[in-house]
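Have the sequence and the 3D view open as you read.

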Amino acid sequence: MSSVNREPIPAARPVIGEEEIDAVVRVLRSGRVVQGPEVAAFEEGFSELVAGRHCVAVNSGTSALHLLLLALGIGPGDEVIVPSFSFAASANAVRLTGADVVFADIEADSFCLDPAAVEAAITPRTAAIMPVHLYGHPAAMDRLMPIAEQHGLAVVEDACQAHTAALHGTPVGAFGSGGTFSFYPTKNMHALEGGMVTTADAEIARTLRLLRNQGMEQRYANEIVGANMRMTDVSAAVGRVQLGKVLDWTEQRRVNAAYFDQHITASNVTGPPVAAGARHAYHQYTVRIEGDRDAAMRQLAEAGIGNAVYYPTPIHRLKPYWEPDQKAGRHWELPETERAAAEVVSLPVHPSLTAEDLERIVVAVNELGEKQ
């Protein structure tokens, strides 16, 4: 059958099944819909994925990053080292605190922060490093943590794409001063929308709970200036259901990725390497394509294969960062970031793929090599 007549394979497919629907209905009928028992239970359950750390649920992954930075005392006059090859939220969260973003380059294989570039970017104003576990591959925490310790820096893990990823047996979100996760519908697990902050420090966890709830622990007894960044019990109920499935889903992503590793042979397509000791969560299966990437993406789309570029424009070239940096005379030299932005394409790897889907994806990708 021609691929034209087949159902297209989406790049991502959020899972909302009967269990998720039943959980939502149960919460709605309970009348407890915001920051109630479901949120507390979700926090407790998620803690098992991050080596027992304190978990604080919020309304988005961006809020998680923003509040963690605030809880660590980061603000005007500070610098935070961030990869430019990431979603804009990584840098936006820093800017929202009033701190300055310093961009560092990535390693070619992992697409994550290059420890050598991080070390070169440290100044007397540096307060924190923000490794992003991009596409589900853990950043080089075994090399970044000693740098942070040597210079007395906080480490804010952006693990929004990396639920269940690990390095040398330690889960992401359990390395630094704190970690953050997103539960947006396209992530490896979701809660319709939401985020989670993880930390080993009980005082930071308490500060986070104050910050997400107008600065209050007890109603009308405001202790600090906070905001409304609470998670609803509806979202938490969905998250609790998905929490029971995410390990199996991740394993299926890994099986799908292994199939691609074995069967994609196109000479102009390079698959994603995995570092020694790394457990890749495969939020995305991201390849590099030599030559005309746009033509390759069109060819995949015509074959019914969903695909996307994450991220075509590095953050340092986005208007809110590029224009102020140009005015201030700052010029970032990020060759691996620029190369990745020009070459990457993400293919479907989600756990809903069938054996036929996997074969169709491989055939379509391998045909890219035949039409160079």
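H54 sits opposite T199 of β9. On the numbering, helices (H or I, at least four residues) and strands (E, at least two) are DSSP runs counted from the N terminus.

A word on the source: this is a predicted model, where local features need pLDDT of at least 70 and side-chain atom pairs count only at pLDDT 80 or more, while totals for chains, interfaces and linings use all residues. Residues are numbered from 1 along each chain as its sequence is written, and side-chain values use heavy atoms, with hydrogens and water left out.

Back to β9. This strand also pairs with β8 (residues 178-182), antiparallel again and over four bridges, with T180 as the bridge partner of V197. How many of the five residues of β9 (residues 195-199) are buried? Five of the five, so to speak a mostly covered strand, where buried means under 20% relative accessible area, exposed over 50% and partly exposed in between, using a 1.4 Å probe and protein chains only. In a regular strand, side chains alternate between the two faces of the sheet. In β9, G195, V197 and T199 point one way, M196 and T198 point the other, and all are buried.

Strand β3 (residues 100-104) has four of its five residues buried, so the rest of the structure largely encloses it. Its link to β2 (residues 79-83) is parallel, with five bridges, and V82 faces F103 across the pair.

There's also an open sheet of three strands in the order β7-β6-β11, paired antiparallel. β7 (170-171) and β11 (278-279) take the edges with a single partner strand each, so one side of each has no neighbour in the sheet. β6 (residues 166-167) connects to β7 through two bridges, and A166 stands opposite P171.

| Pair | Angle | Axis distance |
|---|---|---|
| α3 and α7 (residues 202-212) | about 125° | 9 Å apart |
| α3 and α4 (residues 89-97) | roughly 40° | within 9 Å |

With α7, the angle makes α3 oblique; angles under 35 degrees count as roughly parallel, over 145 as roughly antiparallel, 65 to 115 as roughly perpendicular and the rest as oblique. The α3 and α7 crossing is right-handed, meaning the near helix is turned clockwise from the far one by less than a right angle. L67, L68, L70 and A71 of α3 meet I204, T207, L208, L211 and R212 of α7, with contact meaning heavy atoms within 4.5 Å.

α3 and α4 are oblique to each other too, and their crossing is right-handed. On the α3 side the contact uses T62, L65, H66, L69 and L70, and on the α4 side A89, S90, A93, V94, L96 and T97.

Finally, which residues of α12 (residues 335-343) are buried? They are T337, A340, A341 and E343. Their cover includes β12 (285-289), α10 (293-302) and β13 (344-347).

Terms used
Axes are lines fitted to C-alpha atoms, for helices over the stretch in contact, and angles run from 0 to 180 degrees between N-to-C directions. Two strands pair if DSSP finds at least two bridges between them.
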